[in-house]
Amino acid sequence: MSEKTTFETLSAIDITEKLKEKNKVKYLPWSSCWQIVKNTYPNSTYSTVKTDDGCIYHTDGKTCWVETALTINGETQNETLAVMDF
């Protein structure tokens, strides 16, 4: 039998008790997510992708988002996250 992938391992974790809700949207807070990842894969790292001028958020003048890079087991995934503070 082959070893589980990182995705299979993390997606099997029950996060129900850690979910929060805001404006009728359920989400997993980053602090809870990061705790799960680091407990499962202690050598994981993440970073915020900054703009060319060093800003930690991106904007097109109408909306705002942040970009992150998460590395687990040598594989890096980038993600764009909407800023939801209205």
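The model is a predicted one, so local features need pLDDT of at least 70 and side-chain atom pairs count only at pLDDT 80 or more, while totals for chains, interfaces and linings use all residues. Residues are numbered from 1 along each chain as its sequence is written, and side-chain values use heavy atoms, with hydrogens and water left out.

Helices (H or I, at least four residues) and strands (E, at least two) are DSSP runs, numbered from the N terminus. Strand S5 covers residues 64-72 and strand S6 covers residues 75-82, and the two pair in the antiparallel sense over eight bridges; pairing takes at least two bridges found by DSSP. One of these links has Ile72 with Glu75 in S6 as its bridge partner. Two residues sit between the strands of this hairpin, and Asn73 takes a positive phi near 50 degrees there.

Next up is the largest pocket, with a volume of about 1100 Å³. A pocket here is an open set of points on a 1 Å grid over the protein atoms alone, where a 1.4 Å probe fits, with protein on both sides within 12 Å along at least five of seven lines; lining residues have an atom within 4 Å of a point. The volume is the space filled by probe spheres set on the points, which are joined across faces, edges and corners. The lining counts 28 residues, and the closest to the pocket centre are Leu28, Trp30, Cys33, Glu79 and Leu81. Two or more lining residues come from each of helix H1 (6-11), strand S2 (25-27), helix H2 (30-40), S5 and S6. S6 gives the most, with six residues. By class, the lining has 19 nonpolar, five polar and four charged residues (nonpolar: Ala, Val, Leu, Ile, Met, Phe, Trp, Tyr, Cys and Pro; charged: Asp, Glu, Lys and Arg; polar: the others, Gly among them).

Then there are the aromatic rings. The structure holds three aromatic pairs. Rings of Phe, Tyr and Trp (its six-membered ring) pair if their centres lie within 6.5 Å, and planes under 30 degrees apart count as stacked, over 60 as edge-to-face and the rest as tilted. Trp30 and Trp34 are stacked, at 5.6 Å centre to centre with 20 degrees between the planes. Both lie in helix H2, four residues apart, about one turn of the helix. Trp30 also pairs edge-to-face with Tyr46, at 5.0 Å centre to centre and 75 degrees between the planes. Together, Trp30, Trp34 and Tyr46 form one aromatic cluster.
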